[in-house]
Amino acid sequence: MATVEIDKDSGFCPGVVTAIRKAEEELDKGGKLYCLGDIVHNSNEVDRLKHKGLVTITHDDLHRLHNVKVLLRAHGEPPETYHIAHKNGIEIIDATCPVVLKLQQRIKKSYDSENHPQIVIYGKNGHAEVNGLVGQTDGKAIVVETADDVSKIDFTKDIVLYSQTTKSREGLNSIEDEIRRHNPAGIFECHDTICRQVANRMPRIRKFAASHELVLFVSGKKSSNGKILFDECIDANPNAKLIYSEDDIKEEWLDGVNTIGICGATSTPRWLMTNVKRRIEQMLGQ
């Protein structure tokens, strides 16, 4: 009989837990609640909350809405979003993650300082969190995703480097090394602003993946953190599979396997990993 185990360290990070709790508390009061963007990068959880009454909107929709309640998810928002909400009489339910909020404040402080350094953000261009970070600099921060993007930086200026909270330490080190290689003429500061909740999951998930014959990593297609953690999984265990729900499991994966591990991203709900475990046990007749 195969052993099927769910990783105890996988699942929602505290920021996502808070955002979903706030959404459910508001929905339980009755009335309509809007959410600016997907509350979490997992379509299964988005659909669950949609059935409870949560309406996902875009920034274009925000301009047209008046006198309603809008939840801001854990990723955070640029100052412009708050200005629009105030102008339109919108009540903000702010679920910005405290780690992201602190990072926004640090970036704004750096940007507003006397020497006006060039703010560089290591992150995914267009990602909701990154948009909120760039917004603290009046849109002037430079976003770098790879070492090649470093060429966009003006090395005659002072440079302050920050990281999107869900990126990897190795990636940040690579960007820092590339900037130093260009010998900036001014002061260069690198701040490790990666969330410890995320960073600590990487060694743990590697250990979990290596301890099983087969690993099923459950993640939404839009999850930046999911991509990073799955890369760690498959590096530790080449027999790791990326799935979005229990419907993606293939029976041939289970043939002759004695230990199966289930893990996921910081945006993966626990109930979804439990569904995956149940489906596996059904397939195995356990």
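1. Thr137 is in contact (heavy atoms within 4.5 Å) with Ile107, Tyr111 and Ile119, leaving aside its neighbours within four places in sequence. Thr137 sits in the loop that runs between helix 6 (128-134) and strand 7 (142-144); helices (H or I, at least four residues) and strands (E, at least two) are DSSP runs, numbered from the N terminus. Because its relative accessible area is 0%, Thr137 is buried, a term that means under 20% relative accessible area, with exposed over 50% and partly exposed in between (1.4 Å probe, protein chains only).

2. On the basis of the model: it is predicted, so local features need pLDDT of at least 70 and side-chain atom pairs count only at pLDDT 80 or more, while totals for chains, interfaces and linings use all residues. Residues are numbered from 1 along each chain as its sequence is written, and side-chain values use heavy atoms, with hydrogens and water left out.

3. Helix 6 also holds Glu129, where UniProt places the feature "active site" in an unreviewed entry. UniProt positions are given here in the numbering of this note, feature names are shortened, and annotations may be inferred rather than shown by experiment. Glu129 is buried, because its relative accessible area is 3%. Not counting residues up to four places away in sequence, Glu129 touches His75, Val100, Leu103, Gln164, Thr165 and Thr166.

4. The UniProt annotation "binding site", again from an unreviewed entry, covers Cys13, Cys97 and Cys195. These residues are spread over 183 residues of sequence, yet they cluster in space, with a largest C-alpha distance of 10.4 Å. The lining of the largest pocket includes Cys13, Cys97 and Cys195. A pocket is here an open set of points on a 1 Å grid over the protein atoms alone, where a 1.4 Å probe fits, with protein on both sides within 12 Å along at least five of seven lines; lining residues have an atom within 4 Å of a point.

5. Cys13 is found in the loop between strand 1 and helix 1 (14-28) and counts as buried because its relative accessibility is 14%. Cys97 lies in the loop between strand 5 (91-94) and helix 5 (98-112) and counts as buried because its relative accessibility is 13%. Not counting residues up to four places away in sequence, Cys13 touches Arg201 and Thr266, whereas Cys97 touches Gly15 and Ala74.

6. An open sheet is formed by 4 strands in the order 1-12-10-11, with parallel pairing; two strands pair if DSSP finds at least two bridges between them. Strand 1 and strand 11 (240-243) are the edge strands, each pairing on one side only. Strand 10 and strand 12 pair in the parallel sense over 5 bridges.

7. The largest nonpolar core has 17 residues, of which Leu216, Ile260, Ile262, Val276 and Ile280 touch the most other members. Such a core is a set of buried Ala, Val, Leu, Ile, Met, Phe, Trp, Tyr and Cys residues joined through side-chain atoms within 4.5 Å. Strand 1 (3-6), strand 10 (214-218), strand 12 (259-264) and helix 11 (270-283) are the elements that give two or more residues to this core, and helix 11 gives the most, with 4 residues. Apart from this core lies another, of 16 residues, among them Cys13, Val16, Leu49 and Leu54.
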